[in-house]
Amino acid sequence: MNDIGVHMLLFALIGIGIIAIASFYSEPADRPALRTIPRRFVVFVIGCGILAALMILAESTVAGVN
Amino acid sequence: MAPEPAREGRGNPNVAAILTWLIPGAGHVYLGRPIFGLVAFLVVNGIFLLGVRLSQGMAFEFLQTDLRSPIAPILTPEVGNLSGVIWHMREYGFGPPFPRPWPPSIDLGTWLTAFAGLLNGCLACWAHFDARVPKGLRPTRPSPGLLVFAGWIVPGLGHWLQGRRVRGALVFAVVAGFVLLGTWLAEGANLDRERHFYYWSGQFLAGAPAWILEVLHGHGLVRSDIRYVDAGLAFAAVGGLLNILAWLDVYGVAEREALESLVPETEPAVVRAGESAA
């Protein structure tokens, strides 16, 4: 966990790339596609955060390994 | 005036694409273009067989024992040439039950078998579109399959050739940037199919950036733990997988533009050139 900052940075980078290409795929025009990136990124981060929280919860309860 | 009835295509697009997937060129033979089909068959299988010869049929022996199963090749680029991969599995499978040295040219050989698979995927796109073109007409715009092929070789090139240059440049920056960053994080350990069989399949989709890096820095020895190797593998593979979304974007626009550009096959070339320039 010492390098959590690096992992967060890498997560942000890969998230921006995924969101950018996904925006281009779903929007035919460049300008609207670029404009939707911030909103999509926030949704992506929140969704991943919920998923991570569920995984941590499962790890510490039903899927815990001693 | 009654609207002109829609003209039927040359065949069923799904049948044409699936036939090409099963046997390279078969889709075009089905569409009445036997010479194109024969050339496609010879090119795809020529590259594939050259790859098999150079790798001595050991491509799937890269897989660790616990990952070996009859359906293991489904996640490899070779699956784009289904008859080839079935033949390869029947003829060579996973090799003998003991380890043996790799032939010197195995990396080039397995690269060629993977290339043949994705090349046939582009031909399947091509056949799918050709089936939708009515008889007696031809598009003046490039085939979607050709632009998808361009977008595979150089990420963003398909967009660039469509005139969508900003988008093409951004696709290139994301895909090539991810492969480059992944390679840096993994210290080049990602550039080896033997070491990371399925991750390699993902980054292979990124085209020339991944291939050039593999030639320059691939297949090196790993002498110590690589701290961010997992992140590096993820970046490089995600870069390749994101290129698939870029191809789908290219294909959709190319298909629409090509179907809107149909002209009679008998139209003189000079007139066609003038029209396309306008």
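These notebook entries record what I looked up in the predicted model.

**Conventions.** I worked on a predicted model in which local features need pLDDT of at least 70 and side-chain atom pairs count only at pLDDT 80 or more, while totals for chains, interfaces and linings use all residues. Residues are numbered from 1 along each chain as its sequence is written, and chains are lettered from A and ligands numbered from 1 in the order in which they are written.

**Entry 1: the two chains.** On chain A, 10 residues are in contact with 15 residues of chain B. Helix α1 (residues 4–26) of chain A gives the most to the chain A side, with 9 residues; helices are DSSP runs (H or I, at least four residues), numbered from the N terminus. By class, I recorded 8 nonpolar, 1 polar and 1 charged residues on that side of chain A. Here Ala, Val, Leu, Ile, Met, Phe, Trp, Tyr, Cys and Pro count as nonpolar, Asp, Glu, Lys and Arg as charged, and the others, Gly among them, as polar.

**Entry 2: α8 and α11 of chain B.** Helix α8 (residues 165–185) of chain B has 21 residues and reaches 29 Å from its first C-alpha to its last, close to the 30 Å expected (1.5 Å times one less than the number of residues). I then examined its packing on α11(B): the axes are 6 Å apart, at an angle of about 160°. Axes are lines fitted to C-alpha atoms, for helices over the stretch in contact, and angles run from 0 to 180 degrees between N-to-C directions. α8(B) and α11(B) are therefore roughly antiparallel to each other (over 145 degrees). Their crossing is left-handed, meaning that the near helix is turned anticlockwise from the far one by less than a right angle. Among the residues that make the contact are Val171(B), Val175(B) and Phe178(B) of α8(B), and Phe235(B), Leu242(B) and Ala246(B) of α11(B).

**Entry 3: α9 and α11 of chain B.** I found that the axes of helix α9 (residues 197–204) and helix α11 (residues 229–260) of chain B come within 6 Å and cross at roughly 45°. From α9(B), Tyr199(B), Gly202(B), Gln203(B) and Phe204(B) make the contact. Its residues divide into 6 nonpolar, 4 polar and no charged.

**Entry 4: positive phi.** Most residues other than glycine have a negative phi. I looked up two residues with positive values. Glu187(B) has a phi of about 55° and lies in the loop between α8 and α9 of chain B. Glu187(B) is partly exposed, with 18 other C-beta atoms within 10 Å (20 or more would be buried, 12 or fewer exposed, C-beta atoms being placed from the backbone). His219(B) has a phi near 65° and lies in the loop between α10 (208–217) and α11 of chain B. With 15 C-beta neighbours inside 10 Å, His219(B) also counts as partly exposed.

**Entry 5: Ala16(B).** I located Ala16(B) in helix α1 (residues 13–22) of chain B. Ala16(B) is buried, with 26 other C-beta atoms within 10 Å. Beyond four places in sequence, its contacts include Tyr30(B), Leu31(B), His128(B) and Asp130(B).

Terms used: Two residues are in contact if their C-beta atoms, placed from the backbone, lie within 7 Å. Angles under 35 degrees count as roughly parallel, over 145 as roughly antiparallel, 65 to 115 as roughly perpendicular and the rest as oblique.
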